[in-house]
There are 2 protein chains.
Amino acid sequence: MPRAAYARPMTDDLSRATGQVSLGDPAFTYPLWPPMTAGCPRTSTEALSYPVEVDYAYEEVDGPALFARSASGRSDGIGRWAPLMPPLVGAGLAEGGTPLVPLEDGVYVKDESRNPTWSHKDRLNRVAVSAAARMGAPGVVVASSGNHGASAAAYAARAGLRCVVIASSHVPPAVLSFLRAYGAEVLPVPEDARWPLLRLLVERCALHPVSNLTPTHTGHAFGPEGYKTVAYELFADLGTVPSAVYVPVGYGELLFGVGKGFEELRRLGVTDRVPRLFSAEPDAGGPLAAAVRTGVPATHVEVGPTDAYAIDSSAGGYRARHALLRSGGEPLLVSDAQMRDAQRELAGQGMWAELSSAAGLAAYRARSGATPAKDAGAAGDSGDAGDGPVVCVSTSSGFKDLGVGTEPVEPVSPEWDALVPRLRAAGLLD
Amino acid sequence: MPRAAYARPMTDDLSRATGQVSLGDPAFTYPLWPPMTAGCPRTSTEALSYPVEVDYAYEEVDGPALFARSASGRSDGIGRWAPLMPPLVGAGLAEGGTPLVPLEDGVYVKDESRNPTWSHKDRLNRVAVSAAARMGAPGVVVASSGNHGASAAAYAARAGLRCVVIASSHVPPAVLSFLRAYGAEVLPVPEDARWPLLRLLVERCALHPVSNLTPTHTGHAFGPEGYKTVAYELFADLGTVPSAVYVPVGYGELLFGVGKGFEELRRLGVTDRVPRLFSAEPDAGGPLAAAVRTGVPATHVEVGPTDAYAIDSSAGGYRARHALLRSGGEPLLVSDAQMRDAQRELAGQGMWAELSSAAGLAAYRARSGATPAKDAGAAGDSGDAGDGPVVCVSTSSGFKDLGVGTEPVEPVSPEWDALVPRLRAAGLLD
């Protein structure tokens, strides 16, 4: 299909999106609509699925002007980058615009818990639910027992669409409240039943899927377009490109989005280099690390016990490998103990992160062989060739963790004499 | 004391804070240090406590230049307004900079759940914990079973200080996890024992109090200086002053801060008018409404049953009354049912707010006699004399609510035939 056939977006908005292109073979292109939700049919096989991504009329985008804009207009959310987004429908929730918080040694935490539903997933759902609305779907369906489900539910509500969340029957009770708060229909089913049910609901209720439908992960073609705004914001806030970005990885959509965002900055002449990307997977699984190690585009692994339930994927995806290797980065594995240490470090700096969210910092600490040291000059000292600070993405808040709300409240006596031993033990009294 | 005696801040930073002044009688002034944590001793009586507030060398502040700055530099947090802040010590957590999210009828929600610990309290604690650090205190102590305690714990951790949280023994378990996450010493004690224990910990452990110590509320003298940045941001983001701001009120510190911020904008010549402020208290109590009704500076009320536990204060404070009446506003009372409706409206627009957080919107809906109507042109149509949009402050996330995590997970069969009735009932299948 000649590019001219879809060289103009089908809406009258600011988007310069032109179509979809296969990551399996960029010679295979597709129109922008409908969004591909099951990867590239021409390059995928029964065992291995290749995703597609959104293409743009980059020559129509004035990169330096767009990225010279200040971070103001936060209430616009990711709509502030509209030319490089698929068409966004209706009002968003001012997603993104999350701050960078420095740790003691100068490493930055990109605190994604500051999004509308307190995780990075809002960036994806702003874009994917817009696509559902644009397609005239009655609603969306998502297989998730956590952040992704709640975020999809919130954006569906905002857009006036229905939402079905296919949750695991092991969903933590506080997360169930979260999922239900936005009016979603929550269906807790056995783990194995989730993906077949997702397909049925797509087929029989005409719901637009915002979860993956393929054997290796491809996901929604538009989703990573939301995530790439993390890269835009890092550049805008730092005034430069980081040397390295450490990203918690389940399927790797966020990692791919971050990588794409930086590649676009380079393509548009805004920067001449990109950061190395480092993926952080639980060592209980790690399909991306396994794919890189064995030299395959994407693979499956057995997942052992881990509490990092937000990123304990058995299926990998080609997107993650593509982004990682293109950036010159490496796949890293972290143990639950390393994530707990990083989670404790973040909390000790005032940020309560979900265990999975701390994987990025855990991977950085493990790779740089360092526990956090004051004034160690670690910014720019990550062992990477490039200059620039190190950024660890923290994806979500601690409220979503396993174990939250399970500790019993143990009342103490308010009598002073009874409290003295406890206060002494805590170092609060001599 | 002549003003010249404290006309210079005692630090070398950007702050133009000069001292503290009594709200009971502005002729009574105090040096900037130490922060007054028990109100104005010269105007307070045994029954009625008058707070003090921070004064500035306003003539040294270039208001138009300061407020012409874009909303960029979000990672600076409220430090971006440093000249109009008490001295801020160390690194913050990029508090504030929260977005405005429009509802269908054009009313704006100021979504304070987008702060570092997901509530407005972070603005206060950035300032109050800075004061503790500046004073050389070993730590802070706070009486709270919710947002304020967690926020104080986070900022204390960030500043390398200790934190003791005196919680109610009825603290919800998920909130207990939240409080403990930042390493605070949490002491769950009977309700009545909290304030005496707070005073003991201040006296005997030299902890700096970030909770109230007086019969009617005065709180920390510096606290509302953090809250006033809400007003600064509203002006910066809207490019104008709202006609009205609806604020959930427990003790009224936030209300006072918002009012002070707008008054400063007027004083600095940045604007020539201020919004009317409307307080939203649960009708189960309502000490501010009672004080206005009976014509006293501040009072106590009996509090009946309400689930709005974050704002169910029996003690009022003079700050709230002062700000409300100065703005030409009114005290409003809302029922739990009205708050639930507003909470549902917010969730239906993608924002999961704590019940107490929805009080502002509930009060607006009640006062404007309207359920939300699309295209009703409610922005600027609040029945107020002034032009400009209406803003409702939503203070915190739904995660902190009572009842979260208490609904049982009820697994459903993933068999299609078994699901059909449920999907039909939900309108997802014909």
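Guide: A word on naming comes before the part itself: helices (H or I, at least four residues) and strands (E, at least two) are DSSP runs, numbered from the N terminus. The model is a predicted one.

The contact draws 79 residues from chain A and 79 residues from chain B. The size of an interface is often given as the accessible area lost when the parts come together. Between chain A and chain B the buried area is about 6,600 Å², with 63% of it coming from carbon and sulfur atoms. On the chain A side, Arg114(A), Trp118(A) and Phe399(A) provide 11% of the area that chain A buries against chain B, more than any other three residues.

Chain A and chain B are joined by four salt bridges. One of them is made by the side chains of Glu407(A) and Arg180(B), at 2.9 Å from N to O. Several elements of chain A each bring at least two residues to the side that touches chain B, among them strand S4 (100-102), helix H3 (147-159), helix H4 (173-181), helix H5 (194-205) and helix H13 (416-425). H4(A) gives the most, with seven residues. By type, that side of chain A holds 47 nonpolar, 19 polar and 13 charged residues.

Trp118(A), named above for its share of the area, sits in the loop between strand S5 (108-111) and helix H2 (121-134) of chain A. Its relative accessible area is 1%, so Trp118(A) is buried, the limit being under 20%. Most residues other than glycine have a negative phi, and most peptide bonds are trans. Trp118(A) has a positive phi, near 70°. Ala206(A) also has a positive phi, near 60°, and is placed in the loop between H5 and strand S9 (208-209) of chain A. At 47% relative accessibility, Ala206(A) is partly exposed.

Trp33(A) and Pro34(A) are joined by a cis bond, with omega about -5°, and Pro34(A) is in the loop between strand S2 (29-31) and strand S3 (52-56) of chain A. In chain B, the bond from Trp33(B) to Pro34(B) is cis, with omega near -5°. Pro34(B) lies in the loop between strand S2 (29-31) and strand S3 (52-56) of chain B.

Note on methods:
Residues numbered from 1 in each chain as written. Chains lettered and ligands numbered in written order. Predicted model: local features only at pLDDT ≥ 70, side-chain atom pairs only at ≥ 80, totals over all residues. Heavy atoms only, no water. Contact = heavy atoms within 4.5 Å. Buried area = accessible area lost by both parts, 1.4 Å probe. Nonpolar A, V, L, I, M, F, W, Y, C, P; charged D, E, K, R; others polar. Buried < 20%, exposed > 50% of the residue type's maximum accessible area, 1.4 Å probe, protein only.
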